[in-house]
Amino acid sequence: MKSKMNHSNAFVLEILLDILLFSILLTVALNMLIKAHHLTNQTKELHNAVSICSDIADIYEVGSGDFSEIQELFPEAKGTDSYITIYYDKEFKASSKENAEYILTATTVSEDEINFAGSAIDIVFSDIDSNELYTLRACHFNGLAMQEYEETEVVAYVL
C-alpha cells in the first residue's frame, strides 16, 4: 500500500512539474510574440514615415523650390512660406488635426546652412507625442543660379 502512495505521489509531482515547465515556456513564448508585434508596428511606422517623407522631398525637389506644389497636392496642409504641416491618421492618410496620429513638418533651411545655389527644407515625421520617427533634408537646385556661381568661380581663378 505504501508503494501505491509513493507511486501516486510521484505521478502528481510529475504532473505539477510538467505544468510548471509548460507555464514557463508559455510565458517566454508570449513575451517573444509581444516583442515581435511591437517590432512589426515600429517597422510599419518607419516604413510609412520614410515613404511619406520621400514623396514630399520628391515633390519639393522637382518643383519650384517652395511649398506651392506640396500645398496643391495636399490641400489639408497648413503653413506659411517658411514651414508646412501635414497631419496623418493611424492609416497614414492625410487628415485633419483632430484625427491626427502623426505629423509631418517641413521647414525651410536658411541660406547660411546650404552651400549651393538653390534652397532646402528639413522634413520631420513624428508621432502625436512629438517622437521623431524620420528626418530628411530635401534640396532644390537652381540651375541658372548654379551656372552663374560656376562662372564666378572660373573668373576668380583666372584673375
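Student: Why is Tyr87 counted as buried?

Tutor: Tyr87 has 14% relative accessibility. Buried means under 20% relative accessible area, exposed means over 50%, and partly exposed lies in between (1.4 Å probe, protein chains only). Since 14% is under 20%, Tyr87 counts as buried. Please note that this is a predicted model, in which local features need pLDDT of at least 70 and side-chain atom pairs count only at pLDDT 80 or more, while totals for chains, interfaces and linings use all residues. Residues are numbered from 1 along each chain as its sequence is written, and side-chain values use heavy atoms, with hydrogens and water left out.

Student: What makes a stretch of the chain a strand, and where is Tyr87 placed?

Tutor: Helices (H or I, at least four residues) and strands (E, at least two) are DSSP runs, numbered from the N terminus. Tyr87 is placed in strand S2. The chain has 3 helices and 6 strands, and along the sequence they follow the pattern α-α-β-β-β-β-β-β-α.

Student: Which residues does Tyr87 contact, and what makes a contact?

Tutor: Contact means heavy atoms within 4.5 Å. Leaving aside neighbours within four places in sequence, Tyr87 is in contact with Lys93, Ala94, Ser95, Ser96, Lys97, Ala100, Tyr102 and Ile103. In the chain as a whole, among contacts between residues at least 6 apart in sequence, 38% join residues at least 24 apart.

Student: Why is Thr85 counted as buried?

Tutor: Thr85 has 11% relative accessibility, and because this value falls below the limit for burial, the residue counts as buried. Thr85 is also in strand S2. Not counting residues up to four places away in sequence, Thr85 touches Ala77, Lys78, Ile103, Leu104 and Thr105. Over the chain of 159 residues, buried residues make up 25%.

Student: How do you know that S2 and S4 pair?

Tutor: Two strands pair if DSSP finds at least two bridges between them. S2 and S4 have 6 bridges, so they meet this condition, and the pairing is antiparallel. Within this pair, Ile86 stands opposite Leu104 in S4.

Student: Is Phe92 buried or exposed, and what is its phi?

Tutor: Phe92 has 11% relative accessibility and therefore counts as buried. Its phi is near 60°, a positive value in a residue other than glycine. Phe92 lies in the loop between S2 and strand S3 (94-95).

Student: What makes a group of residues a nonpolar core, and which members of the largest one touch the most others?

Tutor: A nonpolar core is a set of buried Ala, Val, Leu, Ile, Met, Phe, Trp, Tyr and Cys residues joined through side-chain atoms within 4.5 Å. The largest has 22 residues, of which Ile70, Phe74, Ile86, Tyr88, Leu104, Ile123 and Phe125 touch the most other members. Helix H1 (2-62), strand S2 (83-88), strand S4 (102-108) and S5 each supply at least two residues of this core. H1 gives the largest share, 7 residues. The contacts of Tyr88 beyond four places in sequence include Ile52, Phe74, Leu104 and Phe125.

Student: What makes an open space a pocket, and which residues line the largest one?

Tutor: On a 1 Å grid over the protein atoms alone, a pocket is an open set of points with protein on both sides within 12 Å along at least five of seven lines, and lining residues have an atom within 4 Å of a point. The largest pocket is lined by Asn41, Lys44, Glu45, Lys90, Phe92, Glu101, Tyr102, Asp127, Ile128 and Asp129. H1 supplies the largest share of this lining, 3 residues.

Conventions. 1 Å grid on protein atoms, 1.4 Å probe; cavity = no way out; pocket = protein on both sides within 12 Å on 5 of 7 lines; lining within 4 Å.
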